[in-house]
Structures are given as structure tokens and as C-alpha cells.
Amino acid sequence: NTFKEIKKYKNLVWFLISRLFFMDGINAIFAVAAIYATIVFGMTTTDIIMLGIGTNIAAGIGSWIFSFIENKIGSKNIIVFSLICIFIISLIILFINQKNIFIILAILLSSFFGPIQSASRVYYVKSIPDNKKYEFFGFYSFSGKVTAFLGPILYGTLAYTFSSPKIGMASLLILFIVGLLILFKVENDK
């Protein structure tokens with residue numbers, strides 16, 4: 001029923017499709033970051049734990065800072081800006097080989113993960129009809145999980161095929177680009 005109903009709201013459908021791609025990319029980075037950091041930069045378990053703490057703090061601070069900006073420029077614009085920054089920082093990470101620079105860039109990258117997730121929820125809530133909030137928000141949660149395996153499979157397949165974790169990580173950039181391009185079809189929030 002919800003699937004039939006939500007198809008009547010084309011803007012929401014485009015948004016959910018866009019989110020499906022960029023959230024798959026973000027979730028894949030979460031899933032494979034420790035493997036990547038270990039193989040490429042020789043990070044220890046302690047290094048990874050410290051990096052995880054740093055990236056979570058950065059995501060929280062990013063969400064807090066961007067919440068003030070979001071009120072002025074809108075949720076969609078925060079998502080677009082965050083996706084562009086995530087793409088650029090991820091691309092730079094592919095070309096570095098120094099652990100300390102990687103740590104700094106990973107923390108900077110994470111500062112955009114929080115805002116993109118919170119702005120996505122805010123955009124969706126603003127866009128759904130009042131009488132459909134609970135029903136459609138359940139669909140939002142479902143749509144974010146239904147393809148969560150794609151990013152890690154893409155990473156794993158290409159990293160294994162080419163014996164290169166960097167090529168595997170580069171493949172995730174495709175998910176961000178596709179999500180961003182589809183997002184341009186989505187209306188700005190009010």
C-alpha cells in the first residue's frame with residue numbers, strides 16, 4: 001500500500017532513489033574503512049579505534065554546525081554541498097599514502113556524514129504529507145536498508161578483482177555521483 005501511495009509523490013520517489021545511492025556509499029565507507037585503513041596505511045586496532053572515536057565526534061560536530069546553516073539555505077542544499085565535499089575528500093584520500101594525512105582527511109570527511117544524514121531526514125519530513133508521516137517514514141527507513149549490501153559488494157568485488165583496495169574505494173565514488181545527479185531532479189525544500 002505504501003509503495004503505491006508514495007509513487008504518487010514523484011519528488012519523494014526521486015529523493016529516495018538519490019538517497020539510496022549516496023547512503024549506500026556512506027554505509028559502505030563505514031563498513032570497509034577499517035579494512036582499507038589497515039591494508040593501505042598499516043593502521044593497528046588501537047589506531048582504528050581512535051580514528052572511529054574521532055570520526056564520530058566529527059560527525060556530531062558537523063551535524064551541530066550545519067543545523068544552523070540548514071535553516072538558512074535548506075536541507076537539499078546541505079545534502080548537495082555535503083555530497084560534493086564527500087566526493088572531493090574521498091578522491092583526495094585515494095591519492096595519499098601517509099597515515100597522518102589520511103587520519104586528518106577521514107575526520108574531515110566524517111564531518112559531512114552527520115549533516116547529510118540529518119538533512120536527509122529533515123528534507124523528507126518537510127516533504128511528506130501530514131497525514132502520511134508515520135507510513136512514509138517507515139518506508140524511508142526501509143529504503144535505506146534494502147540495498148545496504150550493494151556498496152560493500154561493489155568495494156569487495158573490485159578490490160579483489162584488481163587486488164587493490166584503492167580501486168575498490170574508488171568504485172564507491174560512483175554511488176555519490178549517481179546520488180548527486182539524481183538529487184538535482186529533486187525540488188528545493190521550503
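**The nonpolar patch**

Reply: Gladly! A nonpolar patch on the surface is formed here by I49, M50, I53, I57, I61, W64, I65, F68, I69 and I73, which together have about 980 Å² of accessible area. Please keep in mind that this is a predicted model.

Me: Let me pick one member of the patch. Where is I69 placed?

Reply: I69 sits in helix α3, which covers residues 45-73.

Me: Is I69 buried, partly exposed or exposed?

Reply: The general idea is to look at relative accessible area: buried means under 20%, exposed means over 50%, and partly exposed is in between. I69 has a relative accessible area of 33%, so I69 is partly exposed.

**The largest pocket**

Me: Which helices each supply at least two residues of the lining of the largest pocket?

Reply: They are α2 (10-41), α3, α4 (75-94), α5 (99-110), α6 (113-127) and α9 (165-183).

Me: And how many residues of that lining are nonpolar, polar or charged?

Reply: The lining of the largest pocket has 16 nonpolar residues, seven polar ones and no charged ones.

**Salt bridges**

Me: How many salt bridges does a search of the whole structure find?

Reply: The idea is to look for a side-chain nitrogen of Lys or Arg within 4 Å of a carboxyl oxygen of Asp or Glu. The search finds two salt bridges in the whole structure. In one of them, the side chains of D47 and K99 meet, at 3.1 Å from N to O. D47 belongs to helix α3 and K99 to helix α5, so this pair ties together parts that are 52 residues apart in sequence.

Me: How exposed are D47 and K99?

Reply: D47 counts as partly exposed, at 22% relative accessibility. K99 is also partly exposed, with a relative accessible area of 30%.

Me: What about K126 and D189: how do their side chains meet?

Reply: K126 and D189 form a salt bridge of 2.8 Å, N to O. This pair links distant parts of the chain, with K126 in helix α6 and D189 in the segment after α9, 63 residues apart. For K126, relative accessibility is 42%, so K126 counts as partly exposed. D189 has a relative accessible area of 15% and is buried.

Me: How should I compare distance along the chain with distance in space?

Reply: Take a pair of residues, count how far apart they are in sequence, then look at the distance between their C-alpha atoms. I39 and P165 are 126 residues apart in sequence and 7.6 Å apart in space, C-alpha to C-alpha. I39 lies in helix α2 and is exposed, with a relative accessible area of 56%.

Me: How far apart are L183 and E135 in sequence and in space?

Reply: L183 and E135 are separated by 48 residues in sequence and by 23 Å in space, C-alpha to C-alpha. L183 is found in helix α9, where a relative accessible area of 0% makes L183 buried.

Me: Which distance separates the C-alpha atoms of S118 and N56?

Reply: Those two C-alpha atoms are separated by 14 Å, and S118 and N56 are 62 residues apart along the chain. S118 has its place in helix α6 and is partly exposed, at a relative accessible area of 22%.

Me: And how far apart are F142 and Y124?

Reply: F142 and Y124 are 18 residues apart in sequence and 14 Å apart in space, C-alpha to C-alpha. F142 is found in helix α7, residues 133-145, and counts as partly exposed at 49% relative accessibility.

Notes: Residues numbered from 1 in each chain as written. Predicted model: local features only at pLDDT ≥ 70, side-chain atom pairs only at ≥ 80, totals over all residues. Heavy atoms only, no water. Patch = residues over 30% accessible without salt bridge, like charges linked within 9 Å, V, L, I, M, F, W, Y side chains within 5 Å. Areas by Shrake-Rupley, 256 points an atom, 1.4 Å probe, with all protein chains shown as cover. Helix = DSSP H or I, 4+ residues; strand = E, 2+ residues; numbered from the N terminus. Buried < 20%, exposed > 50% of the residue type's maximum accessible area, 1.4 Å probe, protein only. Nonpolar A, V, L, I, M, F, W, Y, C, P; charged D, E, K, R; others polar.
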